[in-house]
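This briefing is written for a reader who is meeting the structure for the first time.

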Amino acid sequence: MTGTTPPIRVLVVDDQAAVREGLALLLDTLPGIEVVGQAEDGNAAAALARDLQPDVVLMDLNMPHCDGIDATTRILADRPDIRVVVLTTYEDDTSILGALQAGALGYLTKAATRADIERAVKAAAAGQAVLDPAAQRTLLAAATGTPAPAAPAGSAPSDLTAREADVLRLIAEGRSNREIARQLVVSEATVKTHINRIFTKTGSRDRAQAIRYAYTHGYAEPGTSA
């Protein structure tokens, strides 16, 4: 139809098939966005970006064979007009700076909502940068040499998702990753992703500290562990 704006063409890159396919399904439900391909690692992403010429690449970081930073560098060296938005579990300053230095225009963590992802893809397609709030805090802390601000004692962090709260509660009950995966009907890899996010958000180094956090922030009560 004459005068109709063409959809934003997106290539989804993630080594976990369930995550990759879920993102593709989500993106295909968003107005003005069309998924044109999926890649399981950086090598496949670089090849598909060359063949499919997407407007935006939604890029994971930690992948075998060729990671997201190397893939971003290769894609933009070949096609500098393509926009890359990173979507990852990592929010450390090394990962964020590495992705931005490689040329990524956006950086989201996997706690991002449907609306966050839509906004980032559309902003990137328009040439605008988007940084997850957690990534912004990390960069600010790295730039100033101060630790990222922690949530005040006695209050739950506003960015702990409902599913992460479920996982934290089950950790406090003494459940293993396999048991948590079975109860929540997800893969163990997904549980590990949630646990990494919980550790980062709560400032916990291990499960014992996460359990202590769960007790002090109302996610569990003493005596509930298995």
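Strand β4 is mostly covered, since five of its six residues are buried, where buried means under 20% relative accessible area, exposed means over 50% and partly exposed lies in between (1.4 Å probe, protein chains only). The model is a predicted one, in which local features need pLDDT of at least 70 and side-chain atom pairs count only at pLDDT 80 or more, while totals for chains, interfaces and linings use all residues. Residues are numbered from 1 along each chain as its sequence is written, and side-chain values use heavy atoms, with hydrogens and water left out.

**Overall make-up**

- The protein has 10 helices and six strands; helices (H or I, at least four residues) and strands (E, at least two) are DSSP runs, numbered from the N terminus.
- Of the 226 residues of the protein, 43% count as buried.
- Among the contacts in the protein with a separation of 6 or more, 63% are accounted for by residues 24 or more positions apart, contact being defined as heavy atoms within 4.5 Å.

**The sheet**

- Six strands make up an open sheet with parallel pairing, in the order β2-β1-β3-β4-β5-β6, and two strands are taken to pair if DSSP finds at least two bridges between them.
- The edges of this sheet are β2 (33-39) and β6 (130-131), each of which pairs on one side only.
- Strand β4 (residues 83-88) is joined to strand β5 (residues 106-109) by four bridges in the parallel sense, and within this pairing valine 86 stands opposite tyrosine 107 of β5, while leucine 87 has leucine 108 of β5 as its bridge partner.
- Strands β3 and β4 also run parallel and are joined by four bridges, with leucine 58 having valine 85 of β4 as its bridge partner.
- In β5, Gly106 and Leu108 point one way, whereas Tyr107 and Thr109 point the other way, and all are buried.

**Helix α5 and glutamate 118**

- Helix α5 contains glutamate 118 and spans residues 114-125.
- Glutamate 118 counts as buried because its relative accessibility is 18%.
- When neighbours within four places in sequence are left aside, glutamate 118 is in contact with Leu30 and Pro31.

**The largest pocket**

- The largest pocket holds about 570 Å³ of space, a volume being the space filled by probe spheres set on grid points that are joined across faces, edges and corners.
- The search uses a 1 Å grid over the protein atoms alone, on which a cavity is a set of points where a 1.4 Å probe fits but cannot get out, and a pocket is an open set with protein on both sides within 12 Å along at least five of seven lines; lining residues have an atom within 4 Å of a point.
- The largest pocket is lined by 21 residues, of which Val19, Lys110, Thr190, Thr193 and His194 are the closest to its centre.
- Two or more residues of this lining come from each of α1 (17-28), α5, α7 (162-172) and α9 (188-202), and α1 gives the most, with five residues.
- The lining of the largest pocket divides into nine nonpolar, seven polar and five charged residues, where Ala, Val, Leu, Ile, Met, Phe, Trp, Tyr, Cys and Pro count as nonpolar, Asp, Glu, Lys and Arg as charged, and the others, Gly among them, as polar.

**Two residues with positive phi**

- Most residues other than glycine have a negative phi.
- Glutamine 53, although not a glycine, has a positive phi of about 50°; glutamine 53 lies in the loop between α2 (42-52) and β3 and is partly exposed, with a relative accessible area of 44%.
- Histidine 65, also not a glycine, has a positive phi of about 70°; histidine 65 is found in the loop between β3 and α3 and is exposed, with a relative accessible area of 72%.

**Tyrosine 215**

- Tyrosine 215 is placed in helix α10 (residues 207-216) and is partly exposed, with a relative accessible area of 29%.
- Although tyrosine 215 and alanine 172 are 43 residues apart in sequence, they are 7.9 Å apart in space, C-alpha to C-alpha.
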